[in-house]
Amino acid sequence: MRSMRNTPKSRSTSGQAKAETAARDASSKPADVVELPSFRVNAFRIGFTATLGVLVALALGGIVGQLSTVILYVALALFLALGLDPVVSWMQRRGLPRWAAILIVFAVVIGLFVGLIATIVPIVITESTRIVNDWDRIVVAVRESQLVNWINGLTGGDSIDQAIQAIGDWLSDPAHIGSLGGGLLAVGAGIAGGFTGATIVLILTLYFLASLRSMKRASARFVPASSRRGYLDVAGDITGAVGRYVIGQVTLGAVNGVLSLIYLTIIGAPAPILLAFVAFLCSLVPLIGTLTGAVIISLVSFAASPVTALAAAIYYLVYMQVEAYVISPRIMNKAVAVPGALVVIAAVAGGTLGGVLGALVAIPVAASIIIILEKVVFPRQDAR
């Protein structure tokens, strides 16, 4: 009975002692010390989540790679739609409804496309047939030309004759017929694929041109209501700059193509219509396009004579200077207000990243960035 009576007292005494000890410990700690909560790192969960993220990124990269052709078609069609929209808007201001303006513009585009195909394809077939039939005569003419004799005199041998003989031996070897046929089949498949791609791009361009305004309004829904008016103004300036750039670049190409057709016809170059079309296409690529077309045309002109090739080379040397200092500034300054140094940097960077299409869209992208800086970024900085 005595032990039972002493038990509650001893418990209360020990509890009081523990409380006093905890109070002394708390009073002995510095006031600025804060106990941080403890946490556990689940290495498995972190590793599993990171692995899933990497797998998702790889899957998205593979999907983008598989859809690269579709993305290219969509980007090119949108680019063309933005380029044709100023023409449609101009016709609307003259009193035509938008649907009628779109139909007229698109009919003109399809007519030009069909006309070019109907003109270029027979020329390519005729010239290819002529080259095959007159191959021996062309080889003899090249061997006996003054330019080849001059090159042989500089090199001190007959390197050109040996190269021509090697090409002839390769073509006459039956073992190479299969590879040549495979190459022709690949070229034919490429032409068919290009025609299909052009058709898809034309159809997408029509849809984008018809729904361009609704696309702007739909994209504005992602912007807060208080900023939508400013967003639509900036988007209108950007699309207008892109459209003016496309029109300006096509105008430069048309000028080069028409002048090339006239001059190549005068000097007797082979297939002047085809070469003028090459000059037009190459001029669509900024900076290096005209130079590339000049080199191609000058080399093809050797089929006529070395004098014709020299005349073509001299013409394009003069034309490139006139285009760079007279024609291009007058046309492109009205299209996009981009400094010259930025044009060079944008075109080189775009060509490195995206090839020909990257070089085409690089300058309007640079113009769009300048518009965003001038109308969005700089005003916000000035308001602070």
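**Notebook: helix α10 and its neighbours**

**Entry 1: α9 against α10.** I began with a pair of helices, and I note that α9 and α10 are oblique to each other. The model I am reading is a predicted one. I looked up the numbers behind that label. Helix α9 covers residues 212-220. It packs against α10 at an angle of about 140°, and the two axes are 10 Å apart. An angle has to be over 145 degrees to count as roughly antiparallel, so α9 and α10 stay in the oblique class. I also checked the handedness: α9 passes α10 in a right-handed crossing.

Which residues make the contact between α9 and α10? From α9 I listed Lys216, Ser219 and Ala220. From α10 I listed Arg228, Tyr231, Leu232, Gly236 and Thr239. Sorted by class, the residues of this contact are three nonpolar, three polar and two charged.

**Entry 2: Gly243.** I moved along to Gly243, which sits in helix α10, residues 228-267. Is Gly243 buried or exposed? Its relative accessible area is 0%, so I wrote it down as buried. Next I looked for contacts, leaving out residues up to four places away in sequence. Gly243 touches Leu82, Gly83 and Pro86. I then took the distance to Asp85. Gly243 and Asp85 are 158 residues apart in sequence, yet their C-alpha atoms are 6.7 Å apart in space.

**Entry 3: Asn256.** I stayed in helix α10, where Asn256 also lies. Asn256 has a relative accessible area of 1%, and because of that I marked it buried. What does Asn256 contact, apart from its neighbours within four places in sequence? I found Ala279, Ser283, Thr290, Tyr316 and Tyr319.

**Entry 4: α10 against α11.** Helix α11 covers residues 272-283. Its axis comes within 8 Å of that of α10, and the two cross at roughly 155°. That angle is over 145 degrees, so α10 and α11 are roughly antiparallel to each other. The crossing of α10 past α11 is right-handed.

I wrote out the contact helix by helix.

Technical notes:
Residues are numbered from 1 along each chain as its sequence is written. This is a predicted model: local features need pLDDT of at least 70, side-chain atom pairs count only at pLDDT 80 or more; totals for chains, interfaces and linings use all residues. Side-chain values use heavy atoms; hydrogens and water are left out. Helices (H or I, at least four residues) and strands (E, at least two) are DSSP runs, numbered from the N terminus. Buried means under 20% relative accessible area, exposed over 50%, partly exposed in between (1.4 Å probe, protein chains only). Contact means heavy atoms within 4.5 Å. Axes are lines fitted to C-alpha atoms, for helices over the stretch in contact, and angles run from 0 to 180 degrees between N-to-C directions. Angles under 35 degrees count as roughly parallel, over 145 as roughly antiparallel, 65 to 115 as roughly perpendicular and the rest as oblique. A crossing is left-handed if the near helix is turned anticlockwise from the far one by less than a right angle, and right-handed if clockwise. Ala, Val, Leu, Ile, Met, Phe, Trp, Tyr, Cys and Pro count as nonpolar, Asp, Glu, Lys and Arg as charged, and the others, Gly among them, as polar.
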